[in-house]
Amino acid sequence: MSAYLPNIVFAILFFSLIGLFTLNVRRIIRNINLGKAAHRSDQSKKRWLHMANIALGQSKMVRKPLSGLLHVIVYVGFVVINIELLEIIIDGFLGTHRIFAPVLGSAYNVLIFIFEVFALLVLVSVFFFWTRRNIMRVKRFWKPEMKGWAKWDADIILYAEVVLMTLFLTMNAADYWLQTFAQNPHYVQAGSFPVSKYLLPIFDGFSTQTVIAIERTTWWLHIGGILLFLNYLYYSKHLHIILAFPNTYFANLEPQGKLPNMPAVTKEVKLMLDSNADPYATPPADETPSTFGASDVTDLNWVQLMNAYSCTECGRCTSECPANQTGKQLSPRKIMMDTRDRLTEVGKLLNKGNQINQNTLLDNYISREELWACTSCNACVEACPIAIDPLSIIMDMRRYLVMEQSAAPSELNVMMTNVENNGAPWPFNQQDRLAWREELNT
Amino acid sequence: MEHTTNIPTLSELAALGKQPEVLFWVGCAGSFDERAKKITKAFAQLLLKAEVSFAVLGPEESCTGDPAKRAGNEFLFQMQAMTNIEVLNGYEVKKIVTTCPHCFNTLKNEYPGLGGSYEVMHHTQFLKKLLEEGRLNVEGGVFEGKRITFHDPCYLGRANNEYEAPREVLSKLEAELIEMKSCKAKGLCCGAGGTQMFKEAESGNKEINISRTEQALETKPDIIAAACPFCNTMMTDGVKNKEKEGKIVVMDIAELLQQAQDL
């Protein structure tokens, strides 16, 4: 029985941590589904291509060449090294060691070679990322919204990657040492170790037992670390590694300038303009009166809520935002962070079986001043590497302010009154629309 | 009255049982704003020169509803849109050209869902076509040796992915086209969009139009070319703020092309 103890421990560790992650993923899905319907299932071919291009192909990421290149290395490294994860999991369950080695033969050596090279490249890239964030202090990482958890989160991810890659390389080095110097049939000759071979001197003078202990410890810490990091995603901006894919698939494919018309309004306006309509007719029973625009996360649609979970707070949107550049309070990244924070708050209440509290996204998280500072220029939408649309949330919240609360800035009320009365945003006489034509002839 | 035969309204044409090839949607700025009216006149003169069969709506034109929509007033927007669509469909309008990117965006993207589907072109796209077809030609080298930088309007560029048409028209002027550091998809807004034109900016440390003007001035231009009446106002104010109004002019692409026509 005790011979199988590691297998049992592994199974418990694996299933409990995967189970916890599944539970949290379900909570995220539940929270996203608190949003209103959005019809984004059409044009599937175009959507797959959009995802392949932007998420898989990182096409918007590389618009900033340096951070783009570093990100591509970490991203490809992550995907490639995780192929090894499959072997580690099987080994864990079966108590085998490098089970793919005999099956793959020399291809196995090539794979391990590639993993090691990427592990090193990831370490180098992460070092640059950390330097950009903490030494060079790239401006967009030091905006007011990047305090507290947001700052911690970014650094924790980088440290976690360093730890995991170091464990991976140390594990390989110990394995290589055992393959070379120990006469232990368990450690078969397998793999090629272009990076970790340079770590061999660490084990000089160590006994075989000690190196086996190091190999086992790093093996367990590595897989355990990965499973913990997986669960960390739920609390972190790092969730983008998963959500970037559905996020780009379900993105808005219309021209960025097109702000959707609200069907509920269309119905009412048609009634107003229809001279035959009965103004006192009772509305059909199945119609629930809905709010116009958004004051809270439940008024937004599910794609907007998924956007909030997908945001990795890189701040490319904010650094392109004309309002933010000129010192206004508005930061498109903060709009996304606030939406997620409020959704998390709501989710926690639901987890406890409570009702949603009186807080709202508007005012408790996003101020009116932020909303009115937007020029709707789409720079944030254009800049986002994974097709997040902060502008749509700003517009929905303006709709709430104007249509539910009549709380537009007074100058805008003047503008709207003019449009209503004169058909122009200024108080000019409609009959003077041809003044330019007269002037042209004189 | 001579002018009515030159530039008719749709109703004047309808009275004669005629229809134009294209409707020139002038827009509120183009109709009422003194600076923007000059753009309207320049574009109209180009259309006349190219012998385009066109008409305007005149008093029957009303705000597209764009500023109301961007302010969050969807009711007012749809009221405006449906009223306009009724007029446009009544005249069986098929093709619209406009000098305002905001009107362009709204007519093109937001009217079809409300029953108004037209082929909508921005005036820079239309002018590009006229040049290609040889209906307009650039004469003389009025702009030879001049440095021109082009400010992309958000509602033409990012909103509708049109970056080339204005540049192609400008390239015909034999001037030197110098791009700003942030241009095309990365072009900085002039500060007028999203109804900012009609209100004071929120408190900050700078006006957006000043930032954009500074970017334009870095190219050491003789002319800042615009393609939107609102950008034009913002950039003109920016140039004044920098006390460069004697040296640098802000002009719409239609005005530049009109000058090159020697009309």
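A residue is called buried here when its relative accessible area is under 20%, exposed when it is over 50%, and partly exposed in between (1.4 Å probe, protein chains only). Helices (H or I, at least four residues) and strands (E, at least two) are DSSP runs, numbered from the N terminus. The structure is a predicted model, in which local features need pLDDT of at least 70 and side-chain atom pairs count only at pLDDT 80 or more, while totals for chains, interfaces and linings use all residues. Residues are numbered from 1 along each chain as its sequence is written, chains are lettered from A and ligands numbered from 1 in the order in which they are written, and side-chain values use heavy atoms, with hydrogens and water left out.

In α10(B), 9 of the 10 residues are buried, so this helix is largely enclosed by the rest of the structure. Among the buried residues are Ile208(B), Ile210(B), Arg212(B) and Leu217(B). The buried residues of α10(B) pack, by contact (heavy atoms within 4.5 Å), against α12 of chain A as well as against β5 (147-150), β7 (223-226) and α11 (229-241) of chain B.

The contact between the two chains takes 63 residues from chain A and 76 residues from chain B. The buried area, that is, the accessible area (1.4 Å probe) that two parts lose on being put together, summed over both, is about 5,900 Å² between chain A and chain B, and carbon and sulfur atoms give 64% of it. On the side of chain A, Arg433(A), Trp436(A) and Arg437(A) lose the most area to chain B, together 13% of what that side buries. Salt bridges, in which a side-chain nitrogen of Lys or Arg lies within 4 Å of a carboxyl oxygen of Asp or Glu, number 6 between chain A and chain B. One of the salt bridges joins the side chains of Arg433(A) and Glu61(B) (3.2 Å, N to O).

Over all chains, the count comes to 38 salt bridges. Lys69(B) and Glu74(B) meet through their side chains in a salt bridge (3.1 Å, N to O), and both Lys69(B) and Glu74(B) are buried. In another salt bridge, the closest N and O atoms of Lys184(B) and Glu164(B) are 3.7 Å apart; this pair links distant parts of the chain, with Lys184(B) in the loop between β6 and α10 of chain B and Glu164(B) in helix α9 (residues 164-171) of chain B, 20 residues apart. Lys184(B) is partly exposed, with a relative accessible area of 31%, and Glu164(B) is likewise partly exposed, at 39%. Asp396(A), Arg399(A), Lys69(B) and Glu74(B) are joined into one network by salt bridges that share partners.
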